[in-house]
Every structure is written in structure tokens, then in C-alpha cells.
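Hello,

Here is the structure I promised to pass on to you. Please open it alongside this email, and then read on for what turned up in it.

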Amino acid sequence: MMKNTRSGSYAQPQEKTVKLSTVLSALVILLVYAAVFVAEQTLPSTSILFTVLKKGATYALVAVSMNLLNGFTGLFSLGQAGFMLIGAYAYGILTIPVEQRMNVYQYYDGGIVQFALPVVPALIIAGLCAAAFAFLIGLPVLRLKSDYLAIATLGFAEIVRTIFQWDKLGFLTNGSNLLREYPTFNDFNIKGADGEVTLYLSTLVPFIIAGVCIALIVLLLRSSYGRAFMAIRDDEIAAEAMGINLAKHKQIAFCVSSFFAGIGGAMLAMYQNTVQAKAFTSAMTYEILLIVVIGGIGSVTGSCISSFLFVACSEWWLRFLDQKQMIGNFEVPLLRNGFRLVVFSIIIMIVVLFFRQGIMGTKELPDLFKPRRGGKKPKRSVKEKAEQAKENAKEALQAEEQITLTAAEAAETGAAVAAEAAGEEAASLKDKAEEAKEALKEALAQEAAAAAEAETVEGGEA
Amino acid sequence: MLKTVLPYLLTGIAVGGQYALIAIGYTMVYGILRLINFAHGDVFMVAGILMVYIMASGLPLYISIPLVLLLTAAIGFVIERIAYKPLRSAPRMSIMISAIGVSYTLQNLVLYITGGLNKSYPKIPFISESVSIFGVNTKMVTLITPVLTIVLVVALVLLINKTKIGMAMRAVSKDFETSQLMGIKINNVISVTFIIGSVLAGVGSILYFTNYNTVIQTSGAMPGLKAFVAAVFGGIGSIPGAVVGAFIIGICENLIKGLDIILFKAGLTNTSYGLATFSDAFTFALLIIILIVKPTGLFGEKITDKV
């Protein structure tokens, strides 16, 4: 169990700085989207960049959904590939055009589903299917502790994989054959009458889908539910003692995470153009887990950044390691097929062993724009100090008034005891008033000094 | 009827024995470190690959088998020192992630070395030979595995119960910190545990791959997971439990593989349900059921959480 006492980034919203940093973060995100849009219109659509961006967006959503469970709720679940599989299949089954069904389900007489839904409802249903399965499996397994839960969810993913390949369900899942011909990312490109693409949207759309989903997750994390999740992560027993219903909140986290994993699976299906249950192995879950770890367990921003880095490294930047490279006449040794993955896994091991915080630790994007805690504090100017002293002095004067009032009251009642008590009180208050007067003097002096300083500064500037 | 069931039963017992040898590694490590060593299945696979390359280099059998076991032990030792020792005081999740990282690394390393191709496992004289038992043809390895497994397990139990290092292991698994205070060198005990686990996985790999003939970088994952399920089933931390669990899983799995034919021969059905697909899923369903019904497994001790 994770029992570290890190303060969640959503724990204490600070009034003034949050606003600026939020605006800056929103700007950054907007810029990214604008850059994606512009790049897509200008660069050739076959560029590897778009492969990376599409797959990266997909993985970002899945990684964030896993982070919701592993990083924020402290449930170590390894069932992500299973839920992605459910989502991918639900999407594929629901959206294959009716006229293509005979072709796709060639061994099963066109399958049992004889209608096709538009993309967005299909995506939502894909998520709901995954969440429904999660609800059912969550009832028994969420009672288990850390590593038992991990292995039970891993086992669940394997069972799902088998069931979807079962011959007897072929009318629904097409058995162990591919699902294809459903709408993919490329179908979002807007084409003119002559079939030429007029507006490229095939990269922007996955960004938008992933962005909306991640935004929903962030909103959930900022709600009271999110705080309850983090309380469960930090100390389950304490959370229960504070009145958090453990079973309910764990179930919610599990279902929501699976919902978005399902949508992520549907996006993966769209990215790949075809989908087959065989591919959703535990290795896929491990990959996503490693993305979460590299990004920082407990940081949504970290998961997003590291998914793009991970995909870019594995699909693009480290590709050269798989081919023979010549420097002059010297052939670089070791470089051949598969070396990329070796280098890659070594990088991952280094991160896991020596940089356990990952890229972002538990920080989020807005945190990057905030002044550092414990570092440079904004110095209060002399003027502000003087202002503060003045206010203190005012309070002191009020206190003095209070004394006279109390004394008068005492005199009126004429009770000796009361008078004595009042006198004592008066004495202490007088002391205070004395102090306050001194403070006022000091404040005035400080103000004068400040004025003088300001003058000298101005003089210097002049 | 018997003739239909027997081949599956025999293979089941053999596979069960092979799972048992892997499961012991899981259960011992879990008993001491409370860590699911996800890399253990891959150590098993690497032992298979090592055998392929060492036999290909032309070394005689009586050198190559001990060499494989020695190298496997070394790999287990090195993995523990590099990937788990630095994280001893880290949260459990970090160590588990490190284990997954090691598994990923080992698979990719083997992928690089073999080029991702199936390597055919060398034929080992005697245990690769065919033999006929009750009119059923099978390999010698099917008969040797259970015997060898039992012998090794008895030896291991003796080691744990009668020797000094065994006593240290038991102490460490009971209470990590206290045994350290009593002067037990924890790191040595853990290393020995990993070495024993790896050697047994090495023996298991020789038996397993003789049966299955080919090795590829992913062939360790499934047996590894199943052996872990066996360890949980038998009660994690308990060696006899792991062995019993492994045999049960091995036998059930193979009976399911032949269930369609068995049902058909028994006259219960006329159609094939394709149930063989579920031989892997069965193991995991069993896992989920046992975790819900009796989380401590068959022979496990109850651990109560302290607040």
C-alpha cells in the first residue's frame, strides 16, 4: 500500500496564483491543439509525426485512466488491456456498416448485429460496456489487497481475451478473426466532391476525444470524489474512519477508469484500422503501466507527456537503432532488429530504479507556472509593512476605547468584585494599548522611512 | 474411456510438475519479500534460450545442463541485486513495477538475440524418447517430471527445515526486521532464495521445453502466470501448497483441453463446443474464485493487518 504523505496537487487551491497558472495552462493546451491543426494542414499526411500523435493521444487517455486507479486511488490494477479490448470490440461491432457485415463476418453469416451506429454514441457505448464489466468484476475483486488485486485483474484480462476469441461467440465477436471496415481516424478527414481531402482532421479528432475524456477525469479528481480517492490511497483505514465508504468509492474509481479505458480501446481500434483480441495481452497493460510510471504516478500531465514520449521513442526516435548505421567506413556494432527495444527497456529500468518520481512526480501543468514553494517568496515591500503596522495600531486604539467602556460599566454596577476584575482587565488592556501606541509610532516611522527610501529611489532614477 | 482420458491426465501431471518447479520460486520470494516476481517466468524462458545456444555450441550434455543451471542461478542473483535490492525500503508498488520492468527487459533482450524467431529446443537423449504406457504413447519426460519434482521438493523442504540457511529463511519470512536485528544477513538469505528459485525454474524449463519443442521470448509469460496462480492457490509462502496447486492446475488445464473429445467419447454430446480455448482462462477463473472464497489459499497462514 502506498502510505506516503504527499500533498495532492488538488488539495489546497491557492486563491490568486491559481488563476494565472490556470490561464497559462489553458493557453499551453490551446497552443498544442492549434499546432496539431496547423501541422496537419501543412505537412504531408504520411509523416510519421501523425502516427505518433494519434497513437500518443490514444495512449494518453488510457494512461490517465490507469493513473486514476493506480496513482490516485491506490488500487494496483493490471486489467487495463482487458477493458480496452471490450471497448475496442464494442466500438467495432457497433459501427461496421451494414453492407460490409457479410464481408467481415464471412464465417458467421454476417453476424447477429445488423445495424450501425454513428461514431460518438458507439464510443460512449464502448465505454459503458467496459464499465459494466468492471462493475461486475469489481464486486468480488476490489476487496483484495494490493498485489492480489493486481494478479486478479490481470487474470480477468486474460479471461476476457479468451472469451472474445471463442468460436461460439463468433456471431458477435467474429471469433479469432479480425474486425475491420469500421470508421477509423482517417474517415474524419473532410473530402471534397472529387475525393481529394480538403480539411485534414484525422489527428485533431483523436486529440479532441482524448482531451474531452481527460478533462472529465480531471474534473472528477477535483471533486469530492477525487479527494476521497486520494484519501483512500494515502491511508485506507484513516479514510474509512473519516466516513468514506471504501467499497463504493473504489467501485466508482474502478468503473470510471474502465469506462475511459474502454473509450481508449475504441480509439486504438480506430488507430489500427483492424482489431483482434489476440493483441490485447498483458504486455500491453505493462506498457501502459510503464508510461504511467515514467510520467509520474499521480500526475495527469505526466501521463500525457510520457505517452507521447513513449510512443515517439518506440515508433520514431529510436528506430535508427534497428538498422545498420555506418559512420564513415565503420559499421556501428550491435545495431540490428530489436536493439531499439533493448535500449528502450534499459531506459525504462533506469527511470524505475533511479527516478522513481518520473517526469512530473505528482505535479500538474498549472503547478509549473506557480512560484516555487520554499524558493523565492515575493518580498513584501516596506510600504505594505507600514500599512500592516497602521492597521495593527488602529486595532490597538479600538482596544483602548474598549477599556474605558469596561471601566465605566464597572463603575456603574458599583460591585467591588466586578470593579476589581474590570480593573485587572483594564490594566492588561492598557498594557496592550501602550504596546499598540508604540507600534503606531514605529509604523509611522517606518512609513516615513519608506517614503524617504522611495524618494531616494526616485532621485536615483532621475 | 480410460484410453481417452489417460493421455490428457499424463500430460497434466507432467505439466503440473513443471509448473510446480516454477511456482516454488514465486512462493519463496513472496514469502520473504512480499513481492510478485513478475520476472520469474522470464527467467524460466531465458533458461530455455540458454539451453538452445549452449547445446548448439556443441558442448556435451553433462556440461551443458549444469552450465545452464549455473547461468540461470546467476541471472536470478543479478536481477535481485540490480532491480530489487535498491528498492528495499520503497513502497511495494515500486518493487512490483521494477519486476515488470525486468520482465520487459528480459523479453526484449531475448527478442534482440534470437531475432524474434521460434528456436527449436534441442533433443535431450533419454528424456526426449518416446515411451508407451497403458497403450498410450508419450515422451519419457512425462514420466520423469513428477518423480523429479517430488525429489527436488523433498530436498528443498529438508533444506529449509534442517539447515542453518533454511532456518534463516524461515525467520526472515516470519519477520523481516526482527531477523535482521538477530544478526541474520538478510541480503544473503534473499540472494540464496533467488538462486534456489532460479535453479528450480531452470530444471523446470528443461522439462517443459522438451515437451513443447520451441522457445520464443514470450513463452515464459503464460507458464509464469499460471505458476503464480498455483502458488496463490496452494497458499502463498507454502512450498507444499505451491506443489499441490501446480499439479491441480496442470491436470485441470489439460483435461479441459481434451474436454470436447472426452465428452464426445462419453456420449454426452455430439457437437464440439470449442472448450479447449478455455484452458488458460480456467486457471485465472480459478484464481479469482480462490481469492474470493479463501484468500489465504489451501495451506496459507492467515495474515492479519495491523493498523
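Let me begin with chain B, which has 12 helices and 4 strands; these are DSSP runs, with helices being H or I of at least four residues and strands E of at least two, numbered from the N terminus. Before going further, please keep in mind that this is a predicted model, where local features need pLDDT of at least 70, side-chain atom pairs count only at pLDDT 80 or more, and totals for chains, interfaces and linings use all residues. Residues are numbered from 1 along each chain as its sequence is written, chains are lettered from A and ligands numbered from 1 in the order in which they are written, and side-chain values use heavy atoms, leaving out hydrogens and water.

Of the 307 residues in chain B, 54% are buried (under 20% relative accessible area with a 1.4 Å probe, protein chains only). If you look at contacts in chain B (heavy atoms within 4.5 Å) between residues at least 6 apart in sequence, 75% join residues at least 24 apart.

Next, the nonpolar cores. A core here is a set of buried Ala, Val, Leu, Ile, Met, Phe, Trp, Tyr and Cys residues joined through side-chain atoms within 4.5 Å. The largest one has 211 residues, and A:Leu78 and B:Phe38 touch the most other members. Helix α2 (residues 48-72) of chain A supplies the largest share of this core, 14 residues. Beyond its neighbours within four places in sequence, A:Leu78 has contacts that include A:Met66, A:Tyr286, B:Phe38 and B:Ile100. There is also a second, separate core of 5 residues, with A:Ile232 and A:Leu246 among them.

Is A:Thr184 buried or exposed? A:Thr184 counts as buried because its relative accessibility is 9%. Leaving out residues up to four places away in sequence, A:Thr184 touches A:Met270 and A:Asn273.

One last stop is the lining of the second largest cavity, whose residues include B:Val29, B:His40, B:Ile79 and B:Phe194. (A cavity is a set of points on a 1 Å grid over the protein atoms alone where a 1.4 Å probe fits but cannot get out, and lining residues have an atom within 4 Å of a point.) In this lining, α8(B) gives the most, with 3 residues.

Enjoy exploring!

Technical notes: 1 Å grid on protein atoms, 1.4 Å probe; cavity = no way out; pocket = protein on both sides within 12 Å on 5 of 7 lines; lining within 4 Å. Buried < 20%, exposed > 50% of the residue type's maximum accessible area, 1.4 Å probe, protein only.
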